[in-house]
Every structure is written in C-alpha cells, then in structure tokens.
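Hi,

Here is the structure we talked about, handed over with some notes on what turned up in it. Have it open while you read.

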Amino acid sequence: MQAKKRGREDVLGVGAIVVITGILALVGIGNAIDTPFQIQMWTLLTACVLGVAGLVWHTARDQQGDQTKYENGIVKAGVFASMFWGVAGLLVGVIIALQLAFPNLFYFPDFGWLNFGRLRPLHTSAVIFAFGGNVLIATSFYVVQRTCRARLAGGMWPWFVFWGYQLFIALAGTGYLLGITEGREYAEPPWYTDLWLTVVWVAYLLVFLGTIWKRQEKHIYVANWFYLAFIVTIAMLHIVNNLALPVSFAGSFSYSAFSGVQDALTQWWYGHNAVGFFLTAGFLAIMYYFVPKRAERPVYSYRLSIIHFWALIFLYIWAGPHHLHYTALPQWAQTLGMTFSIMLWMPSWGGMINGLMTLSGAWDKLRTDPVLRMLVVSVAFYGMSTFEGPVMSIRAVNSLSHYTDWTIGHVHSGALGWVGFVSFGALYCLVPWLWKRERLHSMALVDWHFWLATIGIVLYITSMWVAGIMQGLMWRAYNDFGFLEYSFVETVEAMHPYYIIRAAGGALYLVGALIMAYNLWRTARGDAPARERATDVPAAGVAVAAE
C-alpha cells in the first residue's frame, strides 16, 4: 500500500514538471521572436504531450514493478539509446571528415543545415553527450543496483531522467542544425536547453543518491564514488559555465554572465573538466566494475583505487588554464594549470596500472575473449592519453601543438580508444546479462569489430599527429628575410592526404560500430550463437578420443 502511494507521488511529481514545461513551451510558441526558437518550442511541447500520455498509460496499468527485483528495463532502454546515438554521432563525424578532405564534393550550399559549422557541434555533442551520456546513465543505474543490492530509488524518476535526457539531446541537436548555438566548446546548447538539462541532472543525482542511501550493502564500492563525482561535478560545471542572460525569454539568443579573459577561463575550466569528469571519472567507474567482472578477478588494489580517486578529483579541477597559454590570462594562472596537468600523470597511471593488473592470473583470457580485450585496450589508451595530455600542457610543447591537428589526434585517441572501447566493452557485457542470454550472438563479429576499430583509431590518430606537427612547424617557419615561409593556404593544402587518411580511419570505426549494433540486436532477440568455438573442455556426455 505504501509503495503504491509513493508510486502515485512520483507520477504526480514528474507530471507536474512535464505539464509546467509544456505550458511554458506553449507560451514560447505564441511569443517567439525568431522561427528557430518557435520550432524548438514546438519540439518541446510535442515531447511534453507524449510525456503526459506516457504517464497516463503508466497510471492506467497500475504496475509499480516488483520492488524486490532490480529495475532492468531502464538499463535496456539505455543500451538501445547508446547504440543509436553512437552510430548517428559517428556517421556525422565521418561526413564532416569528408567535408574537410573533399570540400568540393561534400559542400551543400542549398542546405545550410549540412554545413560543417553546424554539423561539427552536432558530431561532438552526439558522441560525447548522447552516446557517452547514455552509456554513463545506463551503466550507473546497472552498477549502483548490483553494488548496493537495492532497486533504483524514485519509482518513475529514473524514467524521467532517461527520457528527459533524450529530450535534451533532441533539443540541442536540432538547435545546432537550425543555427542555434552559444558558441562555447562542449557547451553549445541555448539557455532554455541548459535549464531543462539542469532539472534532469538534479533528478539524476537524487535517484543515484537515493539508491545508495537505501543500500543493503554497507560498503560503497569505488565505482559508485567515481559515478557520484562525475554527477556532482558536471552539475557544478554546467551551472557556472552556462550562466547567461537571455536577450528575450521568447528568443534563443543570450549573453554569457562572464566576459573577456574571465569568460575564457570559465569556459576552459568547464571544457577541461568536462573531459576530466564526464569522459574520465564516469568511464573509470565503468572500468572498475566491468573489467573485474569480465575477467572474473578482484580489483588488483582497492587501496590504490581510493588513492586514484582522491588524487584525480583534487588535481583535475585545477588543470583547465593550460588551454590558455600565450593568452591574456595571467601567466601564474597558466603555470598553475600546467603544473597540475603534469601532476595528473601519476594518479592517472595509477588507475591504468590498477586496471591492467586486475588481469593478473587471467591474461590468457585475452586470447579467447575479444570483449575483455576491448576493455583492456581501452585502459591502455587511457594511459597513453593521460601521458600525452600533460606533455602537451607544457608551455614549450603547447606553442607547437596548440590550434593544430595534433590536438585533434590527442582528443580522438582518448575518445575513440578510451571512451569508445570501454563503452563498447560494457555494452557487450550488459546485453547478455540483461536479456538472460548465455553468450553474445557472435564472438567472431566482436573480433571483427575490435580489429576494424583498432585499425581505424591508428589511422586516425597517427595521421593527425603527423599533420599537426607538420602544421605547427610550417606556421612557425621563417625565410632568410624574416617573413613567413608558408602561406596559410599552403599549410591547408599540405593537410589534404592526412585528412583523407583520417576520414578512412573514421569510416572503419563506424563500420565496427554498425557490426556491433547488429550483433547486439541478434543477441537481444535470442538468436542462436552463429558458431560454437572449439575448446579443450568436452561437452557433457561426449567422449573424447585419446591423442
């Protein structure tokens, strides 16, 4: 009876937010001062109407769910959303890579929404926030239940978090195509989308904290520490960096609360820590759960994991100013960011060593388990990226690398190798567990995915390393008369073969993701494994001839 009462209260709470948002969207439609804003409000209103319909349908069914069982439905939905947004984001990435390599073929003057300037933020937001964010939400909801031995708290609120986050992605993505952007790296959504995400993120934090609060396991596993740090810090970063005053509450444009060098410092305090807490801390939580689980080995050193956590959390937040070398930012602040970036090397490698050494006694599994191989290679890429990052933060190195494609190569070695592979590994683990399948449909397809993606990453990052260093050297080359040796157009022309290689690498990575989506779909359907692998263990009742 009490559970039913709490369920009704949850539905009323979610319903109140959805209805109020719908009313505000209706007001926005009636008073819009620009067409893109009006289209966005129609999108928001449509989502609210569907949300109310969904709540009515849920109430009519009067199904609260078995409170003694884990809530797996939302994790399954997160798996589907992750793969959808992942493939979409990678596809847009390949398109914009081709636009840079062949601008005469992939430029569409009659379709402004397909221009590079609009597709590029669509790509970054799709792969980081849509794919990565859904992976983090799905895995966090899965892991916190298992490690706390408690069902997700909040009843309908986890579903509000899931669907509310999808609405945020839809508003942000369609906004970019319509030309709506704040012009801030990794923070392009307009003011009203930022407000909606704030509401959703607070609900996410409360659901996660509520589940930990009612845990049946006294100990809080370290993965939950990393998830919690990711949720709390991203909330703080999002609110501060996106403080803005709308020109009109019936329009999409707004002015930042900061200006000048303060605005730049706030932006890169946010930008670098979005990498540090969204793309690092959150995915380290995945590493600390899924690597031991898949390897069937305990974490190599739990003490080291705690040191890794606190050192990373304390140091990362100070490293942002290294993005602003040779700018109007005071040099002491630049040096502070560089110093903390270099200090980050050791805790990062402590985490990498902890992840790799978890395989002690289970290294032989890498030969037969491509999913575990993918997880372990992701940890290796984490180590490589967290070494390269501190090196690039050094002022003398940064003078060569900054504004070049070297930075693009660095970002993608972390994004494709670390974030991509650990996400793929987690999803490969989750689908058989959630749908109660004995194994994946095809381990051979996982092998294909692994090698296609790995070759794609190598092509991508090596081409960008070479291109970036060459760019930097060409930009700083002077002739005997003290003039620049190369014009900017000549440096762009020199990039052409490397841009083709990058597009090819991205295409291979996309093909691997498509293979994965097919494999997971066949697994979830319950299709029989494509082929049994030969092993040294005889099947029950089968005689094995002596050699």
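Val-19, Ile-23, Val-27, Val-52 and Val-56 make a nonpolar surface patch of about 400 Å². Patch members have over 30% relative accessible area and no salt bridge, with nonpolar side chains (Val, Leu, Ile, Met, Phe, Trp, Tyr) joined within 5 Å and like charges within 9 Å. Areas are Shrake-Rupley values with a 1.4 Å probe, and for residues only the protein chains shown count as cover. Both α1 (2–31) and α2 (35–61) supply at least two residues of this patch, but the largest share, three residues, comes from α1. Ile-23 is found in α1. Helices here are DSSP runs (H or I, at least four residues; strands would be E, at least two), numbered from the N terminus.

Before you go further: this is a predicted model, so local features need pLDDT of at least 70 and side-chain atom pairs count only at pLDDT 80 or more, while totals for chains, interfaces and linings use all residues. Residues are numbered from 1 along each chain as its sequence is written, and side-chain values use heavy atoms, with hydrogens and water left out.

Now the salt bridges, meaning a side-chain nitrogen of Lys or Arg within 4 Å of a carboxyl oxygen of Asp or Glu. The whole structure has eight of them. One joins Glu-71 to Arg-151 at 3.4 Å, N to O. That pair links distant parts of the chain, 80 residues apart: Glu-71 is in the loop between α2 and α3 (73–101), and Arg-151 in the loop between α4 (116–148) and α5 (157–177). Glu-71 counts as buried at 16% relative accessibility, and Arg-151 is buried too, at 12%. (Buried is under 20% relative accessible area, exposed is over 50%, and partly exposed is in between, with a 1.4 Å probe and protein chains only.)

Another bridge runs between Asp-447 and Arg-373, at 2.9 Å, N to O. Asp-447 lies in α16 (residues 443–475) and Arg-373 in α13 (residues 370–393), so this pair ties together parts that are 74 residues apart in sequence. Asp-447 is buried at 18%, as is Arg-373 at 14%. Then there is Arg-439 with Glu-438 at 3.1 Å, N to O; here Arg-439 is partly exposed at 31% and Glu-438 is exposed at 70%.

On to the rings. The search gave 45 aromatic pairs. Rings of Phe, Tyr and Trp (its six-membered ring) pair if their centres lie within 6.5 Å, and the planes count as stacked under 30 degrees, edge-to-face over 60 and tilted for the rest. Ring pairs link a cluster of Phe-129, Phe-141, Tyr-165, Phe-168, Trp-201, Tyr-204, Phe-230 and Phe-278.

Charges over rings show up as well (NZ of Lys or CZ of Arg within 6 Å of the ring centre and within 35 degrees of the ring normal). Arg-146 lies over the face of Tyr-142, 3.9 Å from the ring centre, and Arg-502 has its charged end over Tyr-499, 4.7 Å from the centre.

Last stop, helix α7 (222–241). Asn-224 lies there and is buried at 1% relative accessibility. Leaving aside neighbours within four places in sequence, Asn-224 is in contact (heavy atoms within 4.5 Å) with Val-143, Val-144, Thr-147, Cys-148, Phe-208 and Ile-212. Trp-225 is also in α7, and is partly exposed at 27%.

Cheers
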